[in-house]
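Hello,

Here is the structure I promised to pass on. Please have a look at it first, and then read my notes below.

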Amino acid sequence: MALKTKVKEYREKAGLKQSELAELVHARRETIVHLESGKYNPSLKLAMDIAKVFHVAVVELFEFTEEQSL
């Protein structure tokens with residue numbers, strides 16, 4: 001399964017830089033970079049903290065999808 005995220009989309013709509021979002025959720029900027037690029041799966045706490053920043057449910061930001069096999 002692959003994690004699909006809308007964090008970047010919501011962050012940009014809110015006019016936040018990666019570093020600003022990181023500060024709001026007490027994470028490193030690099031964590032946000034990797035999260036947005038799909039290279040990092042957040043802890044439940046981090047996912048919930050990010051969702052609170054944008055006033056949405058966690059499922060609005062994150063979705064597990066089946067990976068396509070060739």
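His55 sits in the loop between H4 and helix H5 (58-61); helices (H or I, at least four residues) and strands (E, at least two) are DSSP runs, numbered from the N terminus. This histidine comes after H4 and has a positive phi, near 60 degrees, although His55 is not a glycine. Is His55 buried or exposed? His55 is exposed, with a relative accessible area of 72%; buried means under 20% relative accessible area, exposed over 50%, and partly exposed in between (1.4 Å probe, protein chains only).

Before going further, a word on where this comes from. This is a predicted model, in which local features need pLDDT of at least 70 and side-chain atom pairs count only at pLDDT 80 or more, while totals for chains, interfaces and linings use all residues. Residues are numbered from 1 along each chain as its sequence is written, and side-chain values use heavy atoms, with hydrogens and water left out.

There is another histidine to look at. His26 lies in the loop between H2 and H3, and its phi is near 55 degrees, a positive value in a residue other than glycine. His26 counts as exposed because its relative accessibility is 75%.

Now the overall picture. The protein has five helices and two strands, and from the N terminus on the order is β-α-α-α-α-α-β. The C-alpha trace spans about 40 × 25 × 20 Å along its principal axes. For 70 residues, a compact globule would have a radius of gyration near 11 Å, and the 12 Å of the protein agrees with that; this radius is taken over C-alpha atoms, and the globule rule is 2.2 Å times the number of residues to the power 0.38. Of the contacts with a separation of 6 or more, 57% are between residues 24 or more positions apart, where contact means heavy atoms within 4.5 Å.

What about the inside? Buried residues make up 30% of the 70 residues. The largest nonpolar core has 16 residues, and Ile50, Phe54, Leu61 and Phe62 touch the most other members. Such a core is a set of buried Ala, Val, Leu, Ile, Met, Phe, Trp, Tyr and Cys residues joined through side-chain atoms within 4.5 Å. Helix H1 (7-13), helix H2 (18-24), helix H3 (29-36) and helix H4 (44-54) each supply at least two residues of this core, and H4 gives the most, with five residues.

Leaving aside residues up to four places away in sequence, Ile50 touches Val7, Val25, Ile32, Leu35, Leu61 and Phe62.

Thr31 is a residue of helix H3. Thr31 counts as buried because its relative accessibility is 18%. Not counting residues up to four places away in sequence, Thr31 touches Tyr40 and Leu46.

Finally, the charges. There are 11 positive and 11 negative side chains, and the centres of the two sets lie 4 Å apart. Lys and Arg count as positive and Asp and Glu as negative, without His or the chain ends; each charge is placed at NZ of Lys, CZ of Arg, CG of Asp or CD of Glu.

Enjoy exploring the model!

Best wishes
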